[in-house]
Amino acid sequence: MQEVDGREQDPAMGGAAELDMESRLTDEHHQSLRLWLRMLSCTTRIENEIRSRLRTTFDITLPRFDLMAQLQRHPDGLRMGELSKRMMVTGGNITGITDQLEREQLVVRVQDVNDRRASAVKLTSAGRAAFDEMAAVHERWIEEMLADVAAEDKATMIALLSTMKRSLRVDDGV
């Protein structure tokens, strides 16, 4: 471990500016805890890089990108409650994100034909075009970040994580 500018850095983790939680583990910690924190640290590093690149390249936040991704998969739109559930955030967060995207004319609220009290959110044609561009670049970034992981290792990790997902002992309502 090294200290730079008053912060610990782990050279094995590429000199990350912030020490991740995994690096505080010892051999005495349970293997399951070490595995979970390893997955979390990898996910966090990728997510932080994606957040930064989205902001720099497209001047958009990851939650706004995620909301647009949900709408891209549902051309007829989604209700606010459904977006909230899918993105695992509060309705208030969805409203704020939708308001921003609506001001930028990337989404539009449309009245539900079956329930006049409800509305759905849909991508506009400009929103769909903007998302298509961002999604293509996003995919290249992910490919770039994981380029040093061999294809067979990726396949093995996908299979192992699929097994793990099926065997998790959690109540996620699914």
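Q: In which helix of this model is Arg128 found?
A: The model is a predicted one, and its elements run β-β-α-α-β-α-α-β-β-α-α from the N terminus on. Helix 5 spans 125–145, and Arg128 is found in helix 5.

Q: Is Arg128 buried, partly exposed or exposed?
A: Arg128 touches Leu71, Gln72, Pro75 and Leu123, when residues up to four places away in sequence are not counted. Buried means under 20% relative accessible area and exposed means over 50%. Because the relative accessible area of Arg128 is 24%, this residue is classed as partly exposed.

Q: Which residues does Met68 contact, leaving aside its neighbours within four places in sequence?
A: Met68 is listed among the residues with the most contacts inside the largest nonpolar core. With the neighbours within four places set aside, the partners of Met68 are Ile60, Leu101, Leu106, Leu123, Gly127, Phe131 and Met134.

Q: Which element gives the most residues to the largest nonpolar core?
A: This core has 24 residues, and those with the most contacts inside it are Leu54, Leu67, Met68, Leu71, Leu83 and Leu101. Two or more residues come from each of helix 1, helix 2, helix 3, helix 4, strand 5 and helix 5. The element that gives the most, with six residues, is helix 2.

Q: Is Gln70 buried or exposed?
A: Gln70 is found in helix 2, and its contacts beyond the neighbours within four places in sequence are Leu78, Leu83, Arg86 and Met87. The relative accessibility of Gln70 is 11%, and the cut-off for a buried residue is under 20%. Gln70 therefore counts as buried.

Q: What is the order of the strands in the open sheet of three strands?
A: The edge strands of this sheet are strand 3 (78–79) and strand 4, each of which pairs on one side only. Strand 3 is joined to strand 5 by two bridges, and these two strands run antiparallel. The pairing in the sheet is antiparallel, and the order is 3-5-4.

Q: Which residue of strand 5 is the bridge partner of Arg79?
A: Two bridges join strand 3 to strand 5, and strand 3 covers 78–79. The bridge partner of Arg79 in strand 5 is Ala120.

Q: What angle does the direction of helix 2 make with that of strand 5?
A: Helix 2 packs on the sheet, where it touches strand 3, strand 4 and strand 5. Helix 4 packs on the sheet as well, touching strand 4 and strand 5, and its direction makes about 110° with that of strand 4. For helix 2 and strand 5, the angle between the directions is about 95°.

Q: How are helix 1 and helix 2 oriented to each other?
A: The contact between these helices is made by Glu47, Ile50, Arg51 and Leu54 of helix 1 and by Leu62, Pro63 and Phe65 of helix 2. Their axes come within 9 Å and cross at roughly 90°, and angles of 65 to 115 degrees count as roughly perpendicular. Helix 1 and helix 2 are therefore roughly perpendicular.

Q: At roughly what angle do the axes of helix 3 and helix 4 cross?
A: Met80, Leu83, Ser84 and Met87 in helix 3 meet Gly91, Ile94, Thr95 and Thr98 in helix 4. The axes of helix 3 and helix 4 come within 9 Å and cross at roughly 110°. That crossing makes helix 3 roughly perpendicular to helix 4, the angle being roughly 110°.

Q: What is the phi of Asp59?
A: Most residues other than glycine have a negative phi. Asp59 lies in the loop between helix 1 (31–58) and helix 2 (62–72), and this residue is exposed, with a relative accessible area of 61%. Although Asp59 is not a glycine, its phi is positive, at about 55°.

Q: In which loop does Gln105 lie?
A: Gln105 is a residue other than glycine with a positive phi, near 60°. At 59% relative accessibility, Gln105 counts as exposed. Its place is the loop between helix 4 (91–103) and strand 4 (107–111).

Note on methods: Residues are numbered from 1 along each chain as its sequence is written. This is a predicted model: local features need pLDDT of at least 70, side-chain atom pairs count only at pLDDT 80 or more; totals for chains, interfaces and linings use all residues. Side-chain values use heavy atoms; hydrogens and water are left out. Helices (H or I, at least four residues) and strands (E, at least two) are DSSP runs, numbered from the N terminus. Buried means under 20% relative accessible area, exposed over 50%, partly exposed in between (1.4 Å probe, protein chains only). A nonpolar core is a set of buried Ala, Val, Leu, Ile, Met, Phe, Trp, Tyr and Cys residues joined through side-chain atoms within 4.5 Å. Contact means heavy atoms within 4.5 Å. Two strands pair if DSSP finds at least two bridges between them. Axes are lines fitted to C-alpha atoms, for helices over the stretch in contact, and angles run from 0 to 180 degrees between N-to-C directions. Angles under 35 degrees count as roughly parallel, over 145 as roughly antiparallel, 65 to 115 as roughly perpendicular and the rest as oblique.
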